[in-house]
Amino acid sequence: MPDQSAVKAALAAQKIETPSWAYGNSGTRFKVFAQQGVPRDPWEKLADAAQVHAVTGVAPTVALHIPWDKVEDYGRLAAFAREQGVALGAINSNTFQDDDYKLGSICHPDAAVRRKAVDHLLECVDIMDATGSRDLKLWFADGTNYPGQDDLRARQDRLAEGLAEVYARLGNGQRMLLEYKFFEPAFYATDVPDWGTAYAHCLKLGEKAQVVVDTGHHAPGTNIEFIVTTLLRENKLGGFDFNSRFYADDDLMVGAADPFQLFRIMYEVVRGGGYTPQVAFMLDQCHNIEAKIPAIIRSVMNVQEATAKALLVDAEALEAAQRAGDVLEANAVLMDAYNTDVRPLLAEVRQEMGLDADPIGAYHRSGWAEKIVEQRVGGQQAGWGA
């Protein structure tokens, strides 16, 4: 059996990045339900993120989304984050909201639009320089809705050209994480639809380019853990965007729809040597009807629980069963770990870290929820309308 002290040490060292946009108002294309106390600017988002880290101890960084989190002085924003007890993490680009991007951004047939998109990505690298961020995270809504709408190969050529220019701008210690999504908003052909396309572009770009796996960006039935182990084997797994989906890209809380899948993914991460700072654990979720901060705390806890179960897999017993061809025993070893109630173990880890054993309860007792409702009156809440 795995050494309990080693498991606890690994759990205490875990780092899960929370997304700034998850603290704001978000929803579906039909409706965004505004909530009281929602942040009005990036500063208030960081203050909320600090509360998540304060009660969990494993959420020390916050991803920014540009231009949603645009400020005049990023050095000052980074300093404010440090004052709050957190740090700025990945810089996420936005090449999907401007009217110019109706037919695509970096893959657009018009060179002027492509120039605008690439210039935005270069701006994001400038922001990385100012904040000390390591990761530039790219997701493109580019694609086509109808056969013949555009030249599919030409769009791949434009994509490669734009990525190469941005890649050349990366500095030491910086990297590019390329995300994929098999459909939406492009309904016929998405320009980065799967891990293979993302991998092919990253492979050509070089060592600083890696693939990010959004757990909601797959067709039903996709074996995501196989993708994870393959990318790890090729040293091309840069990180995760953790969320859940029942149908398509629902962006629900991670572990909400299929906690067994999350466990299987985390097992492959642990087994494949991916439980290191080089594989970024990030949340990317849309909290439409649930309270923002408690939902993020719960999401962090869900990742922790899946990780704990993955760390508890008896590797020696599993390998012995696999060598013997004992199908049932091998499966039983995995299921024993999955069926373990790891909540008492995580409560011990938190207490040994000087934290409350119950993060959700600690947050509610802190009075922060009531404080922000009282103080954040007026102004424009962060988020997007529908």
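Strands here are DSSP runs of E with at least two residues, helices are runs of H or I with at least four, and both are numbered from the N terminus. Before going on, note that this is a predicted model, in which local features need pLDDT of at least 70, side-chain atom pairs count only at pLDDT 80 or more, and totals for chains, interfaces and linings use all residues. Residues are numbered from 1 along each chain as its sequence is written, and side-chain values use heavy atoms, with hydrogens and water left out.

Pairing, for DSSP, takes at least two bridges between two strands. In general, strands of a sheet pair through backbone hydrogen bonds, and they can do so in parallel or antiparallel fashion.

You can follow the bridges across one end of the sheet. Leu178 has Val211 of β8 as its bridge partner, and Val211 in turn has a partner in β9, namely Leu237. β8 and β9 (residues 237-242) run parallel and are joined by four bridges. Carry on to β10 and you find four bridges again, with β9 and β10 paired in the parallel sense. There, Gly239 has Ala280 of β10 as its bridge partner.

β8, α7 (residues 224-233) and β9 form a right-handed β-α-β unit; right-handed here means that, with the strands pointing away from the viewer, the path from the first strand over the helix to the second runs clockwise. Asn235 has a relative accessible area of 60%, so it counts as exposed; the cut-offs, with a 1.4 Å probe and protein chains only, are over 50% for exposed, under 20% for buried, and partly exposed in between.

How enclosed is β8 by the rest of the structure? Largely: six of the six residues in this strand (residues 209-214) are buried. Both faces are covered, with Ala209, Val211 and Val213 buried on one side and Gln210, Val212 and Asp214 buried on the other. Take Ala209, whose relative accessible area is 0%. Leaving aside neighbours within four places in sequence, Ala209 is in contact with Tyr167, Met176, Cys202 and Lys236, where contact means heavy atoms within 4.5 Å. Ala209 and Leu178 are 31 residues apart in sequence, yet their C-alpha atoms are 7.3 Å apart in space.

Over to the start of the chain. Ser26 sits in the loop between β1 (18-19) and α2 (42-56), and with 1% relative accessibility Ser26 counts as buried. The Ser26 side chain reaches the backbone nitrogen of His287 at 3.3 Å. Polar contacts like this are pairs of N or O atoms within 3.5 Å; within protein, one must be able to donate a hydrogen and the other to accept it, and residues adjacent in sequence count only if both atoms are side-chain atoms. Setting aside residues up to four places away in sequence, Ser26 touches residues including Val32, Cys286 and Trp384.

Next comes α2 itself, mostly covered, with 13 of its 15 residues buried. At its start, a side-chain oxygen of Asp41 reaches to within 3.1 Å of the backbone nitrogen of Trp43. How does the length of α2 check out? At 1.5 Å a residue, its 15 residues should span 21 Å, and its end C-alpha atoms are 21 Å apart, which agrees; the expected span is 1.5 Å times one less than the number of residues. Just after α2, Gly57 takes a positive phi of about 75°.

The Ile66 to Pro67 peptide bond is cis, with omega near 15°, and Pro67 is in the loop between β2 (61-65) and α3 (74-84). The Glu184 to Pro185 bond is cis as well, with omega near 10°. Glu184 has a phi near 75°, a positive value in a residue other than glycine, and lies in the loop between β6 and β7.
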